[in-house]
Amino acid sequence: MNQSDSDESAYHRSPSMDSKEYRAAPGTFRRYSSLYGGATSSSFFGLHTNPGPKASKSEYTSPKGSKYVVFYLDLSFIFLLELKRCNVTQNCLQCLKYLMFMFNLLLWLGGCAVLAVGIWLAVTQGNFATLSTSVPFLSAANLLIGTGSVVVLVGFLGCVGAIKENKCLLLSFFIVLLIIFVMELIGGILFCVYRNQIDTYARKDLKEGLWLFETDGNIGLTNAWSIIQTDFGCCGVSNYTDWFEAFNSTQVPDSCCQEYSVNCGLHSPETWWKDACYEKVKLWLQDNLVALGIFALCTALVQLLALTFALTMYCNVVKTDTYYS
């Protein structure tokens with residue numbers, strides 16, 4: 001008799017979900033308990049809800065308000081899970097913010113260095129490394145200045161936009177970088193499609209540039225051809241006879257000589273380089289094609305990651321402004 005009373009009092013303190021006094025809304029307990037892998041007939045937070053045979057036969061009443069306590073515990077646990085998830089998300093966004101800031105800061109510093117070198121070449125060397133007559137502004141100095149200016153602009157937008165979480169700067173960074181990426185993609189496709197036409201046009205344009213060698217105002221072209229012929233051990237675009245047409249005589253620049261000496265290009269043709277500079281440069285590019293491909297692939301991957309990070313930060317800033325407005 002005492003044992004039965006103790007059993008009943010125990011179940012009185014932990015009422016069964018099958019009790020008649022339990023009047024939770026249909027599906028309420030099932031919906032919240034399923035979040036934790038439990039079932040209505042097994043256990044809830046480690047407490048057994050299926051009473052023994054003695055308790056099922058006895059009649060008892062659940063404590064008043066117990067169902068509200070269970071419901072409150074469920075909601076509190078869900079709230080804690082959501083709060084933890086929000087904290088993890090916020091930490092990831094903060095990490096993304098500072099990573100983007102550091103990357104764009106390094107990009108901005110590199111752009112400043114490239115721009116400084118380009119300005120120095122333009123001031124001290126003029127149009128250094130100019131080989132094309134149809135595009136005279138396409139020199140090493142102008143290319144460095146143009147590239148450095150674009151990199152400085154992109155780095156500034158990304159750096160300030162990330163640290164200030166400014167949606168206008170982030171959107172501008174995304175648009176400018178997207179335009180650059182699309183232009184690079186279109187340029188690569190056009191080069192692959194019209195490669196033969198570009199090859200023919202480049203040969204013709206370079207031969208026309210030989211006529212401007214050592215003329216007034218073309219110090220950049222003169223220096224470029226001297227460096228190429230000396231470093232690659234070649235002479236002329238197709239062969240050394242290209243210089244005969246340019247000079248209108250049987251002579252070549254002194255940089256065509258295998259052993260340099262003053263006016264060595266006026267005599268002793270057996271000492272001149274016989275290889276074509278155009279083919280030498282193409283062969284050098286083909287030998288380094290893997291390195292160039294890896295560089296291009298890494299550049300494209302970095303640009304795509306920067307676009308993704310910028311768009312993620314922009315959407316988060318817009319969502320935050322909308323929530324607090």
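Asp 199, Ala 202, Arg 203 and Leu 206 of helix H7 are in contact with Tyr 278, Glu 279 and Lys 282 of helix H10. Sorted by class, the residues of this contact comprise 3 nonpolar and 4 charged residues, with no polar ones. The model in which this packing is described is a predicted one.

Two packed helices are described by the angle between their axes and the distance between the axes. For H7 (residues 195–209) and H10 (residues 277–287), the axes come within 11 Å and cross at roughly 135°. H7 is therefore oblique to H10. The crossing of H7 with H10 is right-handed.

H10 also packs against helix H8 (residues 219–232), the two axes coming within 10 Å and crossing at roughly 65°. This angle makes H8 roughly perpendicular to H10, and the crossing of the pair is left-handed. On the H8 side, the contact is formed by Trp 225, Ile 228, Gln 229 and Phe 232, and on the H10 side by Cys 277, Lys 280, Val 281 and Trp 284. By class, the residues in the contact of H8 with H10 are 6 nonpolar, 1 polar and 1 charged. An α-helix has 3.6 residues a turn, so residues three or four places apart point the same way.

Helix H5 was examined for its length and burial. H5 covers residues 140–164, and its 25 residues should span 36 Å at 1.5 Å a residue; the C-alpha atoms at its ends lie 36 Å apart, which agrees with that expectation. The buried residues of H5 include the glycines Gly 148, Gly 155, Gly 158 and Gly 161. Also buried in this helix are Ala 140, Ala 141 and Ala 162, together with Val 152, Val 154, Leu 157 and Cys 159. Glu 165 follows H5 and has a positive phi, near 55°.

These helices belong to a fold that contains 11 helices and 2 strands in total. Read from the N terminus, the elements run α-α-β-β-α-α-α-α-α-α-α-α-α. Of the 325 residues in the protein, 24% are buried. When contacts between residues at least 6 apart in sequence are considered, 65% of them join residues at least 24 apart.

Conventions:
Residues are numbered from 1 along each chain as its sequence is written. This is a predicted model: local features need pLDDT of at least 70, side-chain atom pairs count only at pLDDT 80 or more; totals for chains, interfaces and linings use all residues. Side-chain values use heavy atoms; hydrogens and water are left out. Axes are lines fitted to C-alpha atoms, for helices over the stretch in contact, and angles run from 0 to 180 degrees between N-to-C directions. Helices (H or I, at least four residues) and strands (E, at least two) are DSSP runs, numbered from the N terminus. Angles under 35 degrees count as roughly parallel, over 145 as roughly antiparallel, 65 to 115 as roughly perpendicular and the rest as oblique. A crossing is left-handed if the near helix is turned anticlockwise from the far one by less than a right angle, and right-handed if clockwise. Contact means heavy atoms within 4.5 Å. Ala, Val, Leu, Ile, Met, Phe, Trp, Tyr, Cys and Pro count as nonpolar, Asp, Glu, Lys and Arg as charged, and the others, Gly among them, as polar. The expected span of a helix is 1.5 Å times one less than its number of residues. Buried means under 20% relative accessible area, exposed over 50%, partly exposed in between (1.4 Å probe, protein chains only).
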